[in-house]
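Please read this report with the structure open beside it, beginning with the overall fold and moving on to particular side chains.

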Amino acid sequence: MSTSSVSLSPSPSAAPATPAANAGYALLILTLINLVNYLDRYIVAVALPGIQQEFHINDTQAGLLGTMFILVFMLASPVGGYLGDRYPRRLLVAGGVLLWSLATGASGLATSFAALLIARAVIGIGEAGYGAVAPSIISDLYPREKRTRMLAYFYIAIPVGAAAGYGLGGWLTQAYSWHVAFFAGGVPGLILGALAFFMPEPKRGAMDGPNAETKLPFLVGIKGLGRNAAFWAVTAGYTLMTFSIGGLGFWMPTYLVRERGMLADDSGFRFGAITAVAGLLGTVAGGWLGDKLDRKREGGGLWMSGVGLMLAAPCMYLAVNLKDVGLTFVAIGAAQFLIFLNSGPINAAIVNCVPPAFRAFAMGLNVLCIHLLGDAISPTLIGNIADASSLHTAIAINALPVLLGGVALLIGARLFRSAVPRVEATA
């Protein structure tokens with residue numbers, strides 16, 4: 001077995017032309033779960049001022065709430081991916097959703113900072129059973145020429161869920177308490193977790209042609225992945241982007257309250273609305289453009305993603321350096337649109353450049369990398385810089401990783417393009 005055939009999936013010409021039966025139902029359930037996933041994540045961001053006040057914690061300690069969740073999530077994700085390549089994936093999805101939803105509700109019961117940290121850690125375990133597995137399910141439901149768009153629809157849930165978290169969390173925190181916000185956030189996941197048990201379970205590699213590798217020894221897969229330069233370049237760009245947007249998403253509502261004088265519910269609503277609109281438009285546009293550019297040349301969607309990140313970086317810097325609040329929100333919206341262009345193309349590139357038998361683990365390893373060096377550390381580091389200087393300075397510096405991430409994705413597009421002819425030659 002050659003190195004390239006282990007590292008990369010078969011050419012798109014080998015894939016079937018039509019989606020699997022009941023693909024739409026599975027995509028809908030997975031997308032709604034992803035929405036609730038991000039709703040639960042971002043309630044804590046807008047509830048942070050109330051949590052800090054009740055538990056008397058500084059910015060560095062508050063950042064640990066984000067870091068603890070991501071730390072556990074990233075460490076558990078390769079395990080979830082390993083299981084997802086070997087066992088029924090719908091069971092992992094359903095079990096993970098139910099676990100994290102119960103932990104979200106339990107966050108509202110916390111009477112100490114330590115108890116809240118533990119609850120956030122359990123949420124990370126639950127999400128690890130879902131995050132690495134869902135993209136591999138979608139890749140087995142839809143042919144390669146449609147995957148970028150379908151994954152884009154799936155990732156539309158990120159901005160919409162984040163916006164719902166900001167809006168719902170801000171309103172419930174202001175009207176009642178941050179405890180109530182967590183109680184409300186846990187309910188939808190319990191319903192969706194039950195529905196996930198009834199999703200179809202597609203055959204691994206069903207959309208990758210008769211020569212697709214559906215069984216692969218773990219050590220052989222690891223060796224192939226280690227030599228897969230396209231995978232690592234995409235992961236590097238994804239990591240830099242995740243570092244920046246993770247820190248921005250965690251601290252921006254607090255920045256608007258502390259340095260722009262906005263009320264918690266107002267800042268959460270406005271930032272959430274902009275995230276929803278810009279993210280929705282960016283994700284849909286990225287899915288459509290990514291498929292179109294990929295049809296013209298391999299790596300076309302990644303090229304677009306790299307350019308988008310390089311344009312987003314100055315917008316992020318301007319967002320905290322413009323004095324007018326209205327212009328600040330315009331800059332935030334532009335940055336988010338350009339960043340969310342990448343949701344479909346980046347994840348489609350990951351599932352397309354590894355064999356079907358190793359996709360869930362590859363996604364889990366990618367999750368580990370992007371969070372280990374990304375948003376697992378950025379909330380705490382930004383909080384630390386804010387304690388040493390100001391939150392304004394910390395967020396302004398945060399634009400640099402986005403710029404570097406764009407460069408890494410452009411390199412990834414070149415590597416992805418050069419790898420495909422070897423795949424076709426060995427398929």
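The chain contains 20 helices and zero strands, in what is a predicted model. Of its 427 residues, 61% count as buried, and among the contacts that join residues at least 6 apart in sequence, 88% are between residues at least 24 apart. The accessible surface amounts to about 15,500 Å², with 70% of that area belonging to carbon and sulfur atoms.

**The nonpolar interior**

In soluble globular proteins, nonpolar side chains tend to be buried together. Here the largest nonpolar core has 118 residues, and within this core Leu30, Ile33, Ile51, Val93 and Met252 touch the most other members. Helix H2 (residues 23-46) supplies the largest share of the core, namely 14 residues. Once its neighbours within four places in sequence are set aside, Leu30 is in contact with Val93, Tyr130, Ala134, Ile137, Ile138, Phe154 and Met199.

**Aromatic pairs**

Twelve aromatic pairs are found in the whole structure. In one of them, Trp178 and Phe182 have ring centres 5.9 Å apart and planes at 85°, so this pair is edge-to-face. Both residues belong to helix H10, where Trp178 and Phe182 are four residues apart, about one turn of the helix, and both Trp178 and Phe182 are buried. Phe358 and Phe361 form another pair, a tilted one, with 5.2 Å from centre to centre and 50° between the planes. Phe358 has a relative accessible area of 2% and Phe361 one of 8%; because buried means under 20%, Phe358 counts as buried, and so does Phe361. Ring pairs also link Phe358 and Phe361 with Tyr82 and Phe218 into a cluster.

**Salt bridges**

Side chains of opposite charge can pair when their charged atoms come close. The structure holds five salt bridges, and the table gives some of them.

| Pair | Closest N to O distance |
|---|---|
| Arg149 and Asp291 | 2.7 Å |

Arg89, in helix H5 (residues 89-107), and Glu201, in the loop between H10 and H11, are 112 residues apart, and their pair links distant parts of the chain. Within this pair Arg89 is buried, at 2% relative accessibility, whereas Glu201 is partly exposed at 30%. Arg359 lies in helix H17 (residues 359-375) and Asp140 in helix H7 (residues 134-141), so their pair ties together parts that are 219 residues apart in sequence. Arg359 is buried, with a relative accessible area of 1%, and Asp140 is buried too, at 2%. Arg149 in helix H8 (residues 144-155) and Asp291 in helix H13 (residues 264-296) are 142 residues apart, and they likewise link distant parts of the chain. Arg149 is partly exposed, at 25% relative accessibility, while Asp291 is buried at 4%. Salt bridges with shared partners join Arg89, Asp140, Glu201 and Arg359 into one network.

**At the surface**

A nonpolar surface patch of about 660 Å² is made by Tyr25, Leu91, Val187, Ile191, Leu195, Phe197 and Phe198. Helix H10 (residues 178-196) gives the most to this patch, with three residues. Phe197 is placed in the loop between H10 and helix H11 (218-226), and with a relative accessible area of 36% Phe197 is partly exposed.

Most residues other than glycine have a negative phi. His56, by contrast, has a positive phi near 55°. His56 lies in the loop between helix H3 (48-55) and helix H4 (59-84), and at 70% relative accessibility His56 counts as exposed.

Key: Residues are numbered from 1 along each chain as its sequence is written. This is a predicted model: local features need pLDDT of at least 70, side-chain atom pairs count only at pLDDT 80 or more; totals for chains, interfaces and linings use all residues. Side-chain values use heavy atoms; hydrogens and water are left out. Helices (H or I, at least four residues) and strands (E, at least two) are DSSP runs, numbered from the N terminus. Buried means under 20% relative accessible area, exposed over 50%, partly exposed in between (1.4 Å probe, protein chains only). Contact means heavy atoms within 4.5 Å. Accessible areas come from the Shrake-Rupley method with a 1.4 Å probe; for residues, only the protein chains shown count as cover. Patches are made of residues with over 30% relative accessible area and no salt bridge: like charges are joined within 9 Å, nonpolar side chains (Val, Leu, Ile, Met, Phe, Trp, Tyr) within 5 Å. A salt bridge is a side-chain nitrogen of Lys or Arg within 4 Å of a carboxyl oxygen of Asp or Glu. A nonpolar core is a set of buried Ala, Val, Leu, Ile, Met, Phe, Trp, Tyr and Cys residues joined through side-chain atoms within 4.5 Å. Rings of Phe, Tyr and Trp (its six-membered ring) pair if their centres lie within 6.5 Å; planes under 30 degrees apart count as stacked, over 60 as edge-to-face and the rest as tilted.
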